[in-house]
Amino acid sequence: MARTSEMAAQISNYEAAASFYELAFYMDLEDDPFRGRAYERAARAIESSPQSIIALYKKGGVDELQTLPGVGKAIAKKLQDLFKTGRIPTLEKLQAKYPIKLSELLSVEGLGPRRIKTLYEKLSVKNLEDLETAAKTGKVRQLTGFGEKTEEKILQSLEFLKAEKGRIPLAIAIPLADQFQHALASVEGVEEVYVAGSIRRGRETIGDIDLLAITSNPRQVIDTFTSLPQVVAVHQKGEVKASIRHKSGIDADLRVIQKGSMGAALMYFTGSKEHNVALRTIALSKGMHLNEYGLFKKEKKTAGEQEEEVYKTLGLPYIPPELRENRGEIEAASKNSLPHLVELTDLKGDLQVQTSWTDGANSITEMVQAAKTFGLEYIAITDHTKSLAMTGGLNEEKLRTQMKEIDKLNQQSDGFRILKSAEVNILKDGSLDIDDQTLGDLDAVGAAVHTNFNLPREEMTRRIIRAIENPNVDILFHPTGRLIGQRPPYQVDIESVIEAAKRTDTILEIDAYPERLDLKDEHARMAVDRGVNLCIDSDAHSKEQFPYLQYGVTQARRGWAAKESIVNTRSVDEFLRYVKH
DNA sequence: GCCGTTTTCGGCCCGACTGTTTTCAGTCG
């Protein structure tokens, strides 16, 4: 079905980038790897552009598109085709030539472009089903370059793909990584064990766990690693490197490192790959050479033991791991304009906390005690409101009763402040389910969508904007409503919501609840770029959940947020002055 | 297909490991 131009106008950066990733893959099939790298580079630039590229195009046509790094005349033209007609003829020709389910087949471990091409040409393998049939009937092993073991690995990977979707949430990966770290740290000869990879970068989901060890006894740490009780399969086992599958289904890699290379190795294995590629290119331009062992000039090592030292020798300040995605951090670093990122210790308050008045597990007093212990100076009590019947949402009358109780608790307090607030439900038409007079008496008002998730994009966007235009609303809670791995975000034009938040001076929340992390990093960055204020909330439903704030801080850091962008780094009086102005 | 403070042509990041080979292609990160 051909898209109309109106539909094409909705193509997101993500969708456009996907087309170029696909083109890149086809170039690999066509034995044109350099053109493939070019498409890949353009795809990354499109994906990570802080503004929508269709807006770029509307502003200045193909010339404006060519300001993106890696986008030249030919790719700009393809983007123009995509915007105007919803199609890229080159891509359609290739899709017709190779009618295969690309992303499916690429998700199989051990399959890359070359093998996928062979499987298609020799065995007509187009998708996972074809692949499974071919492997089960022993046809794969007969192909040149394949063998029994490859066939067996393909079958194993197919089983895994059926059982799992591949990535696990950060909050689940961290404790697993800690377990490995402790187990390996106690091996004789081990000096230090580090967790690198996407966990260190704080990505919201994790594909595998990367571990680095400094040891005088590589063999023993590798042997220990591959024979831990939680290990169900060993993929690789060499002199300095091993790779295993944890019983949870997640893979973990261990690499043994010399102390003098630790900084270079940490950088290399922290990634991202794109960040590393960019750094290596800088090294080359300075007549140097960067790998996981160090930074070299000719044969001579010029840096390697510390990350700071490697960055410095490349002419850059230290770049925090959360920023290492090649989304402009290297350019910012070279201009010395990296933000000073927010830290957990900067947070003074938490603006979304549930209690046993609705669906929380603990009383206001218990939540206050836990917040104090965690080191906070104030929290907002934000129980659900009446239209959310399943949580026993509060009506105006109950809210007023709760306000009185909070006043009483504050009078007995030793300086800790409890703010009167609510998580007000945004109704289908964008109105709120609590009257304005009651809202006006609260210290702060958070609003959120909890019902009618499936509205069309325009209607959902209008609904949310109408809600934040209500002068009583101070914060938009979990702005996109997604639950990682369970529920996609509702259809909403987040850029318009950010614009509206700027106009109405509404705070957008980064909800730190592990399955929410909403706003996500790139949207947080859009908001920061536009000068919109954010808050980081635990969304705690029990007294144990304040540590979730760390995940929110990580997410905010990935969104380039400095302390100044996060309103709950302010004292309670400053915060109240801000929301009352 | 993109790009340029040696280049408008000739480059394009790089090393470990595995399996299938008998010296290396393919994949991965």
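In this predicted model, five strands form an open sheet in the order 14-15-16-17-18. The pairing is parallel. Strand 14 (423-425) and strand 18 (534-537) stand at the edges. Each has a single partner strand, so one side of each is left without a neighbour in the sheet.

Look at one end of that order. Strand 14 and strand 15 (residues 446-448) run parallel and are joined by three bridges. Within this pair, V424 stands opposite A447 in strand 15.

Another open sheet has three strands, in the order 8-9-10. Here the pairing is antiparallel. Strand 8 and strand 10 (300-303) are the edge strands, and each pairs on one side only. From one strand to the next, the twist averages 35°. Strand 9 (residues 294-297) pairs with strand 10 over three bridges, in the antiparallel sense. Across from L295 stands A303 in strand 10.

**A hairpin**

Strand 5 and strand 6 (residues 241-246) form an antiparallel pair with five bridges. The two make a hairpin, with three residues between them. K237 has A242 of strand 6 as its bridge partner.

**The surface near DNA strand B**

The protein also meets DNA. DNA strand B is surrounded by 42 residues. The closest are G72, G110, G147, Y268 and R280. By type, the residues of this surface divide into 15 nonpolar, 10 polar and 17 charged.

Which parts of DNA strand B lie within 4 Å of the protein? Of those atoms, 74% belong to sugar or phosphate, and the rest to bases.

| Residue | Protein side | DNA strand B side | Distance |
|---|---|---|---|
| L111 | polar backbone atom | phosphate oxygen | 3.4 Å |
| G112 | polar backbone atom | phosphate oxygen | 2.7 Å |
| R115 | backbone N or O atom | phosphate oxygen | 2.9 Å |

Several elements give two or more residues to the surface near DNA strand B. They are helix 3 (33-48), helix 5 (73-85), helix 8 (113-123), helix 10 (148-163), strand 5 (231-237) and helix 15 (273-285). Helix 3 gives the most, with five residues.

**A cavity**

The structure holds one cavity of 30 Å³ or more. The largest cavity contains about 60 Å³ of space. Its lining is made of A264, M267, Y268, N276, L279, R280, L290 and N291. These residues divide into five nonpolar, two polar and one charged.

Which elements supply at least two residues each to the lining of the largest cavity? They are helix 14 (262-270), helix 15 and strand 8 (288-291).

Some of these names have come up before. Y268 and R280 line the largest cavity, and both are among the closest residues to DNA strand B.

Conventions
Residues are numbered from 1 along each chain as its sequence is written. Chains are lettered from A and ligands numbered from 1 in the order in which they are written. This is a predicted model: local features need pLDDT of at least 70, side-chain atom pairs count only at pLDDT 80 or more; totals for chains, interfaces and linings use all residues. Side-chain values use heavy atoms; hydrogens and water are left out. A residue is near a molecule or strand if one of its heavy atoms lies within 4 Å of it. A polar contact is a pair of N or O atoms within 3.5 Å; within protein, one must be able to donate a hydrogen and the other to accept it, and residues adjacent in sequence count only if both atoms are side-chain atoms. Helices (H or I, at least four residues) and strands (E, at least two) are DSSP runs, numbered from the N terminus. Ala, Val, Leu, Ile, Met, Phe, Trp, Tyr, Cys and Pro count as nonpolar, Asp, Glu, Lys and Arg as charged, and the others, Gly among them, as polar. On a 1 Å grid over the protein atoms alone, a cavity is a set of points where a 1.4 Å probe fits but cannot get out, and a pocket is an open set with protein on both sides within 12 Å along at least five of seven lines; lining residues have an atom within 4 Å of a point. Grid points are joined across faces, edges and corners, and a volume is the space filled by probe spheres set on the points. Two strands pair if DSSP finds at least two bridges between them. Axes are lines fitted to C-alpha atoms, for helices over the stretch in contact, and angles run from 0 to 180 degrees between N-to-C directions.
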